[in-house]
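Please look through the sequence and the structure, then read the points below by topic.

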Amino acid sequence: MPRALVLQSAADPEPTVTEVDRADLPDGDVLLDVLHSSLNYKDGLAVTGKGKIVRGDFPFVPGIDVAGTVAESASDAWQAGDRVVLTGWGTGEDRWGGFAEQARSSAEHLVALPDGLSAEDAMWIGTAGFTAMLSVLALEDHGVDAGDGPIAVTGASGGVGSIATALLAAAGYEVHAVTGTETAHDYLRGLGASEILGREALSDDAGGPMQKGVWAGAVDSVGGTTLATLLAQSKRHACVAACGLAGGPSLNTTVFPFILRGVTLAGIDSNTAPTALREEAWSRLAEAVRTGALADVKRTVIGLGDVPEWSERIVAGETVGRVVVDVR
Ligand code: NDP
């Protein structure tokens, strides 16, 4: 029987590592031996009961990220022993997730781990890094080149922001990291940011909908006034990838940046990204690991039993970099 971290209810989760019956794993044609998962902010909310993340029935196994090997497959697409990564599609929210020694998935939701990328490395990247790469791909698709001008990365010390900073800097972009965490300045410079701005630089909603064009592009994990300001300060034909709402879900803007400067607002949804895009993103992430582009992104490896304590820490904003869960 696989061991798993089990939650008893949304409000009072009582996270406990225990054995679960394989028959209770969700439906799906592929059974996975999970090697590593990762701890994301969302997981922290689910495990501490501080946010309404779990939409499935309780008892529930959280963990939005999964990496491991195929144990059994009823689909021709996968064979026992294949190395795979699973993120999104409701994993750890609607369906039991990665904080367990085994998980079950639909064949079409899996992506082959690229050669050279270990399960631990994949979970060091996790949904946060995958989302950062989708954002970088969006900028590239919209023709934003390294020589076009500064790229703003907001929520820069967070999981998405720090990996976006490292990826963009390694690709030669001039990254301006926007952060409210003063202790992260050296870390962000180490990841390749050439300028560090305080959050307040983009949170003045008195600046109006069209300001001096500064940004050739942006990766925004904050939303709210920050996103509106990024749009107002975008240069001609800039692209702003909107991937998060750490500062709030509202967006108060006008059409002017779009119709007078040709600015693109690109939406990023890692949960339902189509397979071809997932494969491209994971291939590029494997290349980033191989070339050392992510080498300075901090990694902490914890065990399944450490997840409750680290969930409190991530929700309190006390973690830096990425937290990998070794479930074995
Ligand atoms: P983290 O908690 O690791 O990072 C968020 C960062 O945002 C913080 O580190 C902080 O950075 C900044 N921040 C926090 N609170 C505020 C605030 N009130 N105002 C302004 N900035 C703030 O989360 P992730 O990086 O994992 O996720 C970032 C966002 O992206 C979240 O909203 C998350 O829900 C979303 N997300 C979206 C995905 C998608 O598919 N679109 C996938 C994954 C995440 P600093 O101190 O440096 O300013």
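Helices (H or I, at least four residues) and strands (E, at least two) are DSSP runs, numbered from the N terminus. The model is predicted: local features need pLDDT of at least 70 and side-chain atom pairs count only at pLDDT 80 or more, while totals for chains, interfaces and linings use all residues. Residue numbers start from 1 along each chain as its sequence is written.

**Domains**

- The domain assignment of the protein gives domain 1 as 3–113 + 298–326 and domain 2 as 130–267; such bounds come from an automatic or database domain assignment.
- Between the C-alpha centres of domain 1 and domain 2 there are 30 Å.
- The contact between them involves 5 residues from domain 1 and 4 residues from domain 2, where two residues are in contact if their C-beta atoms, placed from the backbone, lie within 7 Å.
- On the side of domain 1 that touches domain 2 there are 1 nonpolar, 3 polar and 1 charged residues. Here Ala, Val, Leu, Ile, Met, Phe, Trp, Tyr, Cys and Pro count as nonpolar, Asp, Glu, Lys and Arg as charged, and the others, Gly among them, as polar.

**The six-stranded sheet**

- An open sheet of 6 strands runs in the order S10-S9-S8-S11-S12-S13, with parallel pairing; two strands pair if DSSP finds at least two bridges between them.
- Strand S10 (195–198) and strand S13 (264–267) are at the edges and have a single partner strand each, so one side of each has no neighbour in the sheet.
- From one strand to the next, the twist averages 20°.
- Strand S12 (residues 234–242) pairs with S13 in the parallel sense over 4 bridges, and Ala-242 is opposite Gly-267 in S13.
- Helix H2 (residues 119–141) packs on this sheet, where it touches strand S11 (215–220), S12 and S13, and its direction makes about 155° with that of S12. Axes are lines fitted to C-alpha atoms, for helices over the stretch in contact, and angles run from 0 to 180 degrees between N-to-C directions.

**Covered helices**

- Helix H3 (residues 159–170) has 12 residues and spans 17 Å from its first C-alpha to its last, close to the 16 Å expected at 1.5 Å a residue. The expected span is 1.5 Å times one less than the number of residues.
- Of the 12 residues of H3, 11 are buried, so the helix is largely enclosed by the rest of the structure. A residue is buried if 20 or more other C-beta atoms lie within 10 Å of its own, exposed if 12 or fewer, and partly exposed in between, with C-beta atoms placed from the backbone.
- The buried residues of H3 include Val-160, Ile-163, Leu-167 and Leu-168.
- After H3 comes Gly-172, with a positive phi near 95°.
- Helix H5 (residues 224–232) is mostly covered, with 8 of its 9 residues buried; among them are Leu-227, Leu-230 and Leu-231.
- Strand S8 (151–154), S11, S12, H6 and S13 are the elements against which the buried residues of H5 pack.

- Strand S5 (residues 83–87) is mostly covered, as 4 of its 5 residues are buried.
- Strand S4 (residues 65–73) runs antiparallel to S5, and 5 bridges join the two; Thr-69 is opposite Arg-83 in S5.
- S5 is also joined by 2 bridges to strand S7 (residues 111–112), again antiparallel, and Ala-112 in S7 is the bridge partner of Val-84.

**Single residues**

- The peptide bond between Phe-58 and Pro-59 is cis, with omega about -5°. Pro-59 lies in the loop between helix H1 (41–48) and S4.
- Glu-14 is not a glycine, yet its phi is positive, near 45°. Glu-14 sits in the loop between strand S1 (3–6) and strand S2 (16–19) and counts as exposed, with 11 C-beta neighbours inside 10 Å.
- His-237, in strand S12, has a positive phi of about 60° although it is not a glycine. With 15 other C-beta atoms within 10 Å, His-237 is partly exposed.
- Cys-243 lies in the loop between S12 and helix H6 (256–261) and is buried, with 25 other C-beta atoms within 10 Å.
- Leaving out residues up to four places away in sequence, Cys-243 touches several residues, including Thr-131, Val-160, Val-219 and Ile-268.
- Gly-143 is 100 residues from Cys-243 along the chain, and their C-alpha atoms are separated by 19 Å.
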